[in-house]
Amino acid sequence: MTWATKRLDEVCSIVMGQAPPGEGYNLDGLGWPLVAGPGDFEGDRPVVKKFTKHAAKLSQRGQIILGVRASIGAKVWSDRIYALGRGVAALTPAQEVESRYLWHWLTWCAPDLSAKGKGATFKQVNRQDIGEMEVPVPGLAEQRRIADVLDRVDALRAKRREAEAAVAGLARGMFWEWLPLSTPEVALGEHLDFVTSGGRGWARYYSSAGHRFIRSLDVRMQEIDSGEAAYVDPPDNAEARRTRTKMGDVLLTITGSRIGRVAPLPRSLDGSFVSQHVAILRPSPRLRPEFLSFFLGMEDGGQRQILQAQYGQTKPGLNFEQIRAFMIPVPSLDVQDDFCNRLNGLRDLKVVQRRALGELDALFASLQHRAFRGEL
């Protein structure tokens with residue numbers, strides 16, 4: 001079946017976000033909740049960290065908020081009015097396009113949109129890049145049928161993700177349950193042997209193979225992504241030696257929309273190098289890397305302190321002094337080891353959940369491909 005295609009900006013209004021003035025930022029709920037970029041996305045809804053009293057662009061309920069910087073193509077539904085930062089755009093379909101159909105089409109074409117990204121530090125797309133995308137436009141009844149099919153499979157994927165999230169919730173509850181009440185909190189700096197971040201100018205050392213180069217986009221919460229790995233052929237100098245990872249390191253993103261993502265270094269990435277947007281935390285023998293990483297990744301642990309450290313900053317960022325000042329409970333090594341062993345057991349369960357989710361994702365991708373080629 002052949003359908004007519006139209007430019008996206010012919011069947012959809014596109015409002016590009018704009019960064020509010022820095023003096024309006026706050027954590028007290030004053031003004032509008034701010035969706036600065038995809039870092040404020042969770043599931044299919046925004047989960048904001050900051051508010052602003054001075055909004056340049058606003059979303060409306062029912063619009064699709066699309067990531068246009070860094071995580072290009074990520075999206076959420078606008079379930080209320082939000083201030084839109086420069087990392088997002090708001091899309092409103094015309095009457096001839098079903099919003100759920102548009103949602104699924106945006107999922108399908110996200111890689112094509114991402115490929116349009118330009119920029120040295122953070123890739124981004126503009127209104128022209130978005131608007132020129134060609135969307136197939138069958139009749140509304142056919143759009144609704146396609147959306148219904150994809151909705152059903154997507155709902156199964158959501159339930160599988162909920163099961164995976166429940167495992168993560170067990171781990172958070174286990175942390176506080178396992179922590180002795182008498183455990184003192186101390187400044188993280190007392191238990192760090194070394195902290196640094198990568199240097200600038202690594203782009204000239206990029207290569208097709210060699211040593212892994214870990215960027216902020218590679219650091220996920222509690223894991224390092226290897227999907228689109230970058231490599232470098234490093235120079236033999238002091239900066240390269242300083243920014244080379246070692247087993248036992250913990251990596252923390254310190255700038256941009258991905259700030260605060262943390263993961264222990266896996267054995268396979270020993271001897272890698274990091275960008276200037278990633279900090280290497282090298283804990284002392286009194287602090288297990290997995291324990292430190294888990295605490296820094298918890299909303300009621302390190303994430304709360306990371307958010308507070310950013311308060312009032314126009315451009316989010318963490319410096320080494322702030323990192324060293326984070327307060328962390330440090331129980332005995334026996335307690336830490338016991339927790340880490342149990343955490344590894346939960347991670348095995350997470351692997352099973354993730355494998356099942358991968359199978360559903362493959363089915364969903366196949367259905368999308370057929371749907372938007374008129375073959376479903």
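**View A. Gln-276 in the loop between strand E22 (273–274) and strand E23 (278–283).** Helices (H or I, at least four residues) and strands (E, at least two) are DSSP runs numbered from the N terminus. The model is predicted: local features need pLDDT of at least 70, side-chain atom pairs count only at pLDDT 80 or more, and totals for chains, interfaces and linings use all residues. Residues are numbered from 1 along each chain as its sequence is written, and side-chain values use heavy atoms, with hydrogens and water left out. Gln-276 has a relative accessible area of 23% and is therefore partly exposed (buried is under 20%, exposed over 50%, partly exposed in between; 1.4 Å probe, protein chains only). Leaving aside residues up to four places away in sequence, Gln-276 touches Ser-197, Gly-198, Gly-199, Arg-200 and Ile-254 (contact: heavy atoms within 4.5 Å). Pro-46 lies 230 residues from Gln-276 along the chain, and their C-alpha atoms are separated by 28 Å.

**View B. Buried residues of helix H7 (residues 302–309).** These are Gly-302, Gln-303, Gln-305, Ile-306 and Ala-309. Seen down the axis of H7, the buried residues fall within an arc of 160 degrees, so they line one face of the helix; the arc is that of the directions from the helix axis to the C-beta atoms.

**View C. Packing partners of H7.**
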